[in-house]
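Open the model in a viewer and follow the stops below in order. Each one says what to select and what is found there.

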Amino acid sequence: MDGAQRIPILKVGRVLLVPIQVDMDDQTVIGLQERILAELERTRARGVLLDISLLEMVDSFIGRMLSDIAAMARIMDARTVVVGMQPAVAITLVELGLELRGVETVLNVDEGIKLLRAEFDGGNEEDEAMRAEGLNLFGESVHRA
Amino acid sequence: MPNKGVAQPEQTRRVVDLLATRRDEILNLWIKERLESGEFRDELISKKELRQQSQQIVDMLAQAIKESAGADYDDAAFDELRALLNLISHTRAVKGYTARENATYVLSLRSIVRPMLLEEHAGNIEAFLDELAYFAELVDRLALTMVENFIRSREEIIHQQRADMMELSTPVIKVWDKILTLPIIGTLDSRRAQLMMEALLQRIVESGSTVAILDITGVRTMDTLVANHLIKTVTAARLMGARCILTGVSPAIAQTMVQLGIDLSQITTRAQMSDGIRLALELVGRTVVPLSLVAHLRNGAASGNKQPEIIAATNNAENKQ
Amino acid sequence: MESLSIALEQEYDIVAARGEVRRLARALGFGSVDQSRLATVASELARNVVKYAGRGRLIAQPVTDAGGRKGLRLVFEDSGPGIKDLAAAMRDGFSTGGGLGKGLPGSKRLVHEFQIESAPDRGTRVSVVRWL
């Protein structure tokens with residue numbers, strides 16, 4: 001079985017939630033990147049939450065995937081947020097010389113949802129349709145005080 | 001300890017009899033000598049304690065000489081005595097004795113036993129010299145054990161104190177929901193900087209804090225190494241999804257950093273800790289306002305007005321960043 | 001503690017190598033940051049072996065220095081094409097394989113000792129140590 005198939009890509013409203021919970025070999029990394037981009041195109045999602053809180057190691061290969069997904073998603077008008085990098089992983093990445101510039105990061109999924117909730121400026125048909133129904137990016141109804 | 005001392009096997013040393021038969025006399029003289037030496041400090045050890053220790057040393061020494069049958073100090077027969085000396089010198093290290101006091105304490109035993117040996121060997125100068133040489137050598141080795149172990153114990157204590165200080169010197173404090181501060185005080189070496197970084201990042205995760213204020217008001221000198229650690233901390237925190245604010249940069253340190261060519265352009269800095277706290281609050285969507293304004297807003301709300309002013313003020317502050 | 005030899009022949013061996021190195025580091029008493037550093041070094045350098053030489057091996061060996069300090073040595077060996085320009089390979093951003101060029105210089109920053117020997121057509125040997 002293709003290793004990449006084991007990592008789920010969950011669609012929540014117009015956001016893709018990707019919990020990475022296994023130590024990925026290089027093929028899995030490449031496969032995951034391709035699947036996320038395909039899902040972005042298929043679902044026209046506006047955001048990607050990459051949850052790496054269970055990853056105990058991020059080397060330059062995985063680091064590059066994170067940067068590449070963010071850059072490619074941006075071209076497809078979607079915003080990528082890396083969620084929950086562990087302190088040990090962050091220190092190692094900095095020493096390795098990877099700062100993941102251009103990649104947005106948040107502490108946990110809650111913060112990620114908060115960040116993407118704010119992101120709803122309209123501008124295309126789907127957005128406007130959801131807005132007309134009073135929904136945000138996650139498909140939640142928006143209560144205005 | 002391997003049994004190396006086989007130079008004079010089966011030799012009975014006269015000093016053993018001496019240590020046994022004239023034990024009390026030796027002890028009295030030894031303790032008297034200590035009390036009069038000017039080195040005795042009754043705040044460190046009681047007379048009773050000194051007497052107990054000294055008596056144990058004399059008894060074990062006699063026992064060991066007898067069992068070793070004249071072998072030297074490396075013989076296994078001296079293991080118990082060595083252990084006792086280690087214990088005594090360790091206790092003394094904790095209490096704050098000096099290395100000199102440790103050495104002279106044991107060495108003074110030699111000058112007490114010497115005239116007694118001479119009496120015992122009256123008329124046989126050769127036997128006296130042989131016995132004295134043996135005993136003097138032994139006492140020297142005892143003193144060496146005391147000093148060596150004393151220094152080792154002191155080093156352990158210093159090491160422990162340093163570790164304690166490091167722990168004390170990395171207080172990560174939560175000032176508000178989602179806001180941490182790390183006041184850095186004193187001299188930063190690489191190890192301490194490393195520990196601080198790890199402690200801060202760990203607390204960020206545990207507390208779910210999105211902003212951390214690093215205050216260096218108490219840092220006297222800054223070098224490239226320390227600056228690099230700060231930059232590393234800020235970058236690692238960003239990778240985790242938290243933002244750092246550096247506060248308390250003194251003019252002298254600002255000058256040094258620029259002269260060293262340290263690039264802090266990626267780091268948000270504020271002159272004072274209070275400015276840092278204000279910015280941190282804004283970053284988590286809060287602000288501090290005078291109570292009078294709160295009262296005014298309450299009244300306004302009561303009369304049907306909404307509160308757009310204060311929301312706009314917060315947003316503006318955030319946008320400036 | 002026993003030393004460990006891991007064959008590096010296919011991509012999945014990179015995952016196995018970093019997993020084994022992390023386990024060994026943890027058993028030796030390394031903290032979480034050091035475990036991450038060592039696992040990352042293992043991943044970077046094992047990938048170099050698989051990618052450039054096709055096959056080789058990793059030897060992970062607990063070591064003790066004269067002062068009694070404990071550490072972990074990792075040796076990566078292959079008899080592949082070797083590195084033509086070592087100085088260039090040690091520079092940040094230099095890559096002949098389309099990577100980020102962080103593998104060698106980055107790994108060097110993650111350990112206390114770093115030695116590399118390589119000659120064209122004679123293979124490459126990288127030996128690193130991180131002390132506890």
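**Stop one: chain B**

Select chain B: of its 321 residues, 29% are buried, where buried means 20 or more other C-beta atoms within 10 Å of the residue's own, exposed means 12 or fewer, partly exposed lies in between, and C-beta atoms are placed from the backbone. This is a predicted model, in which local features need pLDDT of at least 70, side-chain atom pairs count only at pLDDT 80 or more, and totals for chains, interfaces and linings use all residues. Residues are numbered from 1 along each chain as its sequence is written, while chains are lettered from A and ligands numbered from 1 in the order in which they are written.

Colour chain B by secondary structure to find twelve helices and five strands. These are DSSP runs numbered from the N terminus: helices are H or I with at least four residues, strands E with at least two.

**Stop two: B:Pro183**

Now select B:Pro183, in strand S2 (residues 179–185) of chain B. Is B:Pro183 buried or partly exposed? B:Pro183 counts as partly exposed because it has 19 C-beta neighbours inside 10 Å. Leaving aside neighbours within four places in sequence, show its contacts: B:Pro171, B:Asp215 and B:Gly218. Contact means that the C-beta atoms, placed from the backbone, lie within 7 Å.

**Stop three: chains A and C**

Show chains A and C, where 18 residues of chain A are in contact with 24 residues of chain C. On the side of chain A that touches chain C, helices H1 (26–43), H2 (60–75) and H3 (87–96) of chain A each supply at least two residues. The largest share, six residues, comes from H3(A).

Note on methods: Two residues are in contact if their C-beta atoms, placed from the backbone, lie within 7 Å.
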